[in-house]
Amino acid sequence: MCTRFVYHGEDMITGFNFDIDLSVWKYKVMKEKERFYIGILRPDGRYHSYHGVNQNGNVGTLLYVHGNPAGVYQDNPNCINIADLTEQFIKAQLSFDETVQIVQSKNITYAPDATMQAILSDIQGRTLLIEPGIGYREEHKEYSLLTNYSLLNPESTKNFIVHGDDRYERALQILEDRKNNFSISDAFMLLHTVRQEEPWATRVSFVYSAKEQAVYYAENNCFDRIEKFIFPSAKQERSNHAAEILSPFNG
């Protein structure tokens, strides 16, 4: 269970709720010179960057989705799995345009051990929604939004909608109600609204501001303790904490 959105207004803001069952996955928040990411421990012993932000403005996230047979993993040169593609994008090994070319020319599959869909975005606010076995959609509009169900073929996941799960509808309403001044605080208010509880609780919530070249994040639904990571390449020195910006969550 996860929620991801992109808002392209006065600032290009993207937000993500990372909802995960800790009995299934192990993660760490990783802060490096060129990347901020939620590292997922894989069998190779490394924490992979499947959800994160590059200093160039690339933001990639994977969201669980009930799989379909057409998206099953295939080990052949005409295919690339969604996890590898997303990580390459976050590492800036692929540009947005190069990624679009790949989804146009190759078969995008699920990872060998997980069925996921992805939303990738760049610093210009362009987004690429990828649903293995179904297709892709490139967007460049005021906002984009994805949760854990198919947008390109809603009927394919309709029967898997969890009773009472209206995260998409609630998040969409917030995005529709905002104008070009959608702020970092607004972004966290949205993530707070759609947060999840155990067992698939929200473990990390992050918001990336292209204007600030910074990532704000909170862990374990502690929205009153928001921290800030500034990419070293950012020109303006800023505070390491965001409490004054996100005052609605304090106290």
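In which loop is the place of Pro199? Pro199 sits in the loop between α4 (184-193) and β13; here and below, helices (H or I, at least four residues) and strands (E, at least two) are DSSP runs, numbered from the N terminus. The structure is a predicted model, in which local features need pLDDT of at least 70 and side-chain atom pairs count only at pLDDT 80 or more, while totals for chains, interfaces and linings use all residues. Residues are numbered from 1 along each chain as its sequence is written, and side-chain values use heavy atoms, with hydrogens and water left out.

Most residues other than glycine have a negative phi, and most peptide bonds are trans. The peptide bond from Glu198 to Pro199 is cis, and its omega is near 0°. Ala92, which is not a glycine, has a positive phi of about 65°. Ala92 belongs to the loop between α1 and α2 and counts as partly exposed because its relative accessibility is 36%; buried means under 20% relative accessible area, exposed over 50%, and partly exposed in between (1.4 Å probe, protein chains only). Asn220 also has a positive phi, near 55°. Asn220 is found in the loop between β14 (214-219) and β15 (227-230), and at 43% relative accessibility it is partly exposed.

An open sheet is formed by seven strands in the order β3-β4-β5-β6-β9-β10-β11, with antiparallel pairing; two strands pair if DSSP finds at least two bridges between them. The edges are β3 (27-31) and β11 (135-139), each of which has a single partner strand, so one side of each is left without a neighbour in the sheet. From one strand to the next, the twist averages 25°; axes are lines fitted to C-alpha atoms, for helices over the stretch in contact, and angles run from 0 to 180 degrees between N-to-C directions. Five bridges join β3 and β4 in the antiparallel sense, and three residues lie between these two strands in a hairpin. Lys28 has Gly39 of β4 as its bridge partner. Further along the sheet, strand β9 (residues 116-121) pairs with strand β10 (residues 127-131) over four bridges, also in the antiparallel sense. Opposite Ala118 stands Ile130 in β10.

Two helices lie across this sheet. Helix α2 (residues 96-105) lies across β9, β10 and β11 at about 30° to β10. An α-helix has 3.6 residues a turn, so residues three or four places apart point the same way. In α2 the buried residues are Phe96, Thr99, Val100, Ile102 and Val103. These residues cover an arc of only 160° around the axis, which puts them on the same side of α2; the arc is that of the directions from the helix axis to the C-beta atoms. Gln101, Gln104 and Ser105 are exposed on the other side of α2. The buried residues of α2 pack against β7 (79-81), α1, β8 (107-109), β9, β10 and β11, where contact means heavy atoms within 4.5 Å.

A search of the whole structure gives 12 aromatic pairs. Rings of Phe, Tyr and Trp (its six-membered ring) pair if their centres lie within 6.5 Å; planes under 30 degrees apart count as stacked, over 60 as edge-to-face and the rest as tilted. Phe36 and Phe206 form an edge-to-face pair, 5.8 Å centre to centre with 75° between the planes. Phe36 is in strand β4 (residues 35-41) and Phe206 in strand β13 (residues 201-209), so this pair ties together parts that are 170 residues apart in sequence. Phe36 is buried at 0% relative accessibility, and Phe206 is buried with a relative accessible area of 0%. Phe229 and Phe231 also pair edge-to-face, at 5.1 Å centre to centre and 80° between the planes. Both Phe229 and Phe231 are buried. Ring pairs link Phe16, Phe18, Tyr27, Phe36, Phe206, Tyr217, Phe229 and Phe231 into a cluster.

The structure has zero disulfides, a disulfide being a pair of cysteine sulfur atoms within 2.5 Å. For Cys2, the closest cysteine sulfur is in Cys222 at 18 Å, which is too far for a bond. Cys2 counts as buried because its relative accessibility is 4%.
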